[in-house]
Amino acid sequence: KSANPQWREQFDFHYFSDRKDMLDIEVWRKDNKKHEEVLGTCRVDITALPTKQTNCLELPLEKYPGSLLMLVAVAPCTGVSISDLCVCPLGDPSERQQISQRYSIKNSFRDMKDIGFLQVKVLKAVDLLAADFAGKSDPFCVLELGNDSLQTHTVYKNLNPEWNKVFTFPIKDIHDVLEVTVFDEDGDKPPDFLGKVAIPLLSV
């Protein structure tokens, strides 16, 4: 019930060079659980923003009254990676040794924000729900940690997909929960939910 909402939410998007350069933003209103409508849209050209600084943007909403105020910082991507299983970042013994030294007890107060990182190997799924009429699905897997989100490629027409990908996340809060969700790709439509598992970091 506000025409001037303040969210003060921070989101981290991992922007890789092969992605599109536009950030699309939509503002929605919700009357109840069933009725939603868009209040406006705007776009940010990421490549046009100066890097390594926080940019304050006031963006007018297209075709609708109002504007959106946001802070956008473009910085080099640190600690986040997607790789194939055969080139797993922790597979190198020298790299494991460097990490052991970095997080040793004697270095624990050197950088208080550097809690650590999480590496997840997404191997495969078995006996998934068939979401298509042909008795198959087009599954992909999404990993979310805090506001960080990474995903696998889609394996088409398969109920037992193999992804064999390695995902590395920096940990910002040891109380975060890793959420792993499997979806069925459905063309231009929103993906269908095929299942989910939640893993608290403190249980790892």
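**Notes on the fold**

1. In strand 4, Leu68 is the bridge partner of Leu59, helices (H or I, at least four residues) and strands (E, at least two) being DSSP runs that are numbered from the N terminus. Strand 3 (residues 54-60) and strand 4 are antiparallel and share seven bridges, and two strands are said to pair if DSSP finds at least two bridges between them. The two strands form a hairpin with six residues between them, and in its turn Lys63 has a positive phi of about 70 degrees.

2. Strand 4 (residues 67-73) has a covered face made of Leu68, Met70 and Val72, whereas Ser67, Leu69, Leu71 and Ala73 lie on the uncovered one.

3. As to the basis of these remarks, this is a predicted model, in which local features need pLDDT of at least 70 and side-chain atom pairs count only at pLDDT 80 or more, while totals for chains, interfaces and linings use all residues. Residues are numbered from 1 along each chain as its sequence is written, and side-chain values use heavy atoms, with hydrogens and water left out.

4. The secondary structure of the chain comes to one helix and eleven strands, and from the N terminus on the elements follow the order β-β-β-β-β-α-β-β-β-β-β-β.

5. An open sheet of three strands has the order 5-9-6, with antiparallel pairing. Its edge strands, each pairing on one side only, are strand 5 (81-84) and strand 6 (116-124). Strand 5 is joined to strand 9 (residues 162-171) by four bridges, and Ser83 stands opposite Val166 in strand 9.

6. Of the 204 residues in the chain, 30% are buried, where buried means under 20% relative accessible area, exposed over 50%, and partly exposed in between (1.4 Å probe, protein chains only). Cys42 counts as buried because its relative accessibility is 4%, and Cys141 counts as buried because its value is 2%.

7. Where is Ile174 placed? Ile174 is in the loop between strand 9 and strand 10 (177-186), and it counts as partly exposed because its relative accessibility is 35%.
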